[in-house]
Amino acid sequence: MVPEPNRARDSCTFRSAEYLVSCSSSLELTSFIFIPIFSSKEQKRAAEQMLSLVLPFLAISATGAQAGVLGARDVSNVPTTFSSLTACSGIKPVYSCENTTAIQNTCCSPTPGGLQLLTQFWSTYTGLESKGQFLPSRSWTIHGAWPDFCDGSYTQYCDLTRQYDPAPSPNTTDGKANGTVVPPWKGEGISNIIKRFGRYDLLDYMNGFWINQGDTNEVFWAHEFSKHATCTSTFDISCYANYVKDMEVIDFFQSAIRGFKMFPTYDILASAGIVPSNKTTYTLKQFNDAFYAQTGSIPYWGCTADPVTKNKTTLSEIWVYTHVLGTPQHGQYKTINTTFPSSCAATGINYFERTPASEVSKYLS
């Protein structure tokens, strides 16, 4: 698209072969209008199909407000969801897992669970493309944010009163057959919770970069919050002043996205000449060297087994190990080396290309 001249400073017009796009902005609002240019009924049907897939993903934000495509959303009553950290003021911060004395206020630092893992997936398809569930091009996707103990062990589903997972996995709090059962959630979905807070911008980003495989995104989000956020002390209800039910749900997703943006795995690898390929294979050392050069640490790389050789040579995930100064919501992450050995083979690792029909352009960054 090439912008056409427009005299109005706060408005613009873009033209492509198929669309005229008119946009206008103010201090509070940016709005876009797509005006199709059709030369045949077939083009019109194709355009309508394309827009039906793209529109759910677009979120236009500006200072003081967020605008929806073909119209604005009223955000005047959107509540803040920050935890209250006034009690942390004046306390000398220390990196999680590096404290020499007990943490007195667990709202100020994740305790236990100070070994923060920021995890991402590399998937080549979703299985729900026909329903508009796609992968973002040139980007890995969010898996989650996990609060491991400092020794690398962990717990899960720590507060069953905030359990929103419709299919808990594992289905007990300790993963053992005789453990406390995690009952499947049958109530309000995560998407509705986010909408209840007016955070359509957050929902749009999650639908773009927090992608499930084989099931809806919403089921995945519910799993990550219920299994991990409820075990992170800085998301405890007691950390929120004037608490409104589910404030911490919004806070967790925002925090995980913040961590995801700090480590653009696709770009880090591409800058070292490592790009998805159905022909070229790589070594584990190449992946480690590329990440170390940008972060000073070695992450965990996860691979699945090749269906023929049974060797774990298909790259599928990364876990970035960190300590955090302050809270995961607002603090400073410091990467450390993985405490868990990679599941990938030393050589012959496939970083496969995405299925072409499974990707859409990277629309929110």
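A residue counts as buried when under 20% of its relative area is accessible, as exposed when that is over 50%, and as partly exposed in between. Keep that in mind while looking around this predicted model. Most residues other than glycine have a negative phi, and most peptide bonds are trans. Here are some spots in the backbone that go the other way.

**Cis peptide bonds**

- Going from threonine 111 to proline 112, you'll meet a cis peptide bond, with omega near -15°.
- To find proline 112, look in the loop that runs between β7 (71-72) and β8 (115-121).
- Serine 169 and proline 170 are also linked by a cis peptide bond, and omega there is about 0°.
- Proline 170 sits in the loop between β10 (141-148) and α2 (190-196).

**Positive phi at cysteine 97**

- Cysteine 97 isn't a glycine, yet its phi is positive, at about 70°.
- You'll find cysteine 97 in the loop between β7 and β8, and that loop holds proline 112 as well.
- Its relative accessibility is 23%, so cysteine 97 counts as partly exposed.

**Positive phi at tyrosine 157**

- Tyrosine 157 is another non-glycine residue with a positive phi, this one about 45°.
- With a relative accessibility of 2%, tyrosine 157 counts as buried, because the cut-off for buried is under 20%.

Technical notes: Residues numbered from 1 in each chain as written. Predicted model: local features only at pLDDT ≥ 70, side-chain atom pairs only at ≥ 80, totals over all residues. Heavy atoms only, no water. Helix = DSSP H or I, 4+ residues; strand = E, 2+ residues; numbered from the N terminus. Buried < 20%, exposed > 50% of the residue type's maximum accessible area, 1.4 Å probe, protein only.
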